[in-house]
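Try each task before you read its solution.

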Amino acid sequence: SVATLETLLARPDAQSRREVATGLASLGTPSATRLLGVALRDANAEVAIVAARAIARSGVSGSAALLAARLHELDLDAADFLLAREIITGLAHTREPAATDALAKIASRRAFIKRGHFVEIQQLVAKAQAMHAKEGVLR
């Protein structure tokens with residue numbers, strides 16, 4: 001049941017939460033995607049990355065908006081770089097308008113001092129936008 005999965009996602013050990021996220025990834029349902037949204041905010045980067053990949057592959061309507069919302073909360077260029085990279089890669093493969101909008105917002109960032117992974121993030125976003133331009137976006 002959903003309540004059981006929510007309880008499992010709240011377990012203290014990251015391995016259990018990661019395994020639950022992996023299992024949810026195979027379902028591809030709206031309720032599984034909602035639970036993966038919880039895992040996307042997990043303090044453990046591995047759990048959050050599994051969730052990001054699963055959400056991107058789910059094909060569930062609204063998945064891009066879920067990824068984009070989390071992306072905009074992250075410190076892209078430093079502490080959250082690994083998760084940000086996974087989310088951007090996921091958005092590159094998502095054909096929803098929210099993905100295009102999120103990528104455009106990140107692409108428009110400017111920095112006087114380019115700290116951390118700024119350049120890498122911008123290059124990744126440029127590649128993702130090129131994929132969208134080539135393959136199109138679903139409306």
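Predicted model: local features only at pLDDT ≥ 70, side-chain atom pairs only at ≥ 80, totals over all residues.

Residues are numbered from 1 along each chain as its sequence is written, and side-chain values use heavy atoms, leaving out hydrogens and water.

**Exercise 1.** Work out how helix 5 and helix 7 pack.

Step 1: helix 5 (residues 63–71) and helix 7 (residues 97–107) sit with their axes 8 Å apart, at an angle of about 20°. Helices here are DSSP runs (H or I, at least four residues), numbered from the N terminus. Axes are lines fitted to C-alpha atoms over the stretch in contact, with angles running from 0 to 180 degrees between N-to-C directions.

Step 2: that makes helix 5 roughly parallel to helix 7 (angles under 35 degrees).

Step 3: on the contact (heavy atoms within 4.5 Å), Ala64, Ala65, Ala68 and Leu71 in helix 5 meet Ala98, Ala99, Ala102 and Ile106 in helix 7.

**Exercise 2.** Decide whether Thr94 is buried or exposed, and find what it touches.

Step 1: Thr94 lies in the loop between helix 6 (81–92) and helix 7.

Step 2: leaving aside residues up to four places away in sequence, Thr94 touches Ala56, Ser63, Ala64, Ala99 and His132.

**Exercise 3.** List what Ile87 touches.

Solution: not counting residues up to four places away in sequence, Ile87 touches Leu40, Ala52, Leu67, Arg70, Leu71 and Leu74.

How values were computed. Helix = DSSP H or I, 4+ residues; strand = E, 2+ residues; numbered from the N terminus. Parallel < 35°, antiparallel > 145°, perpendicular 65-115°, else oblique.
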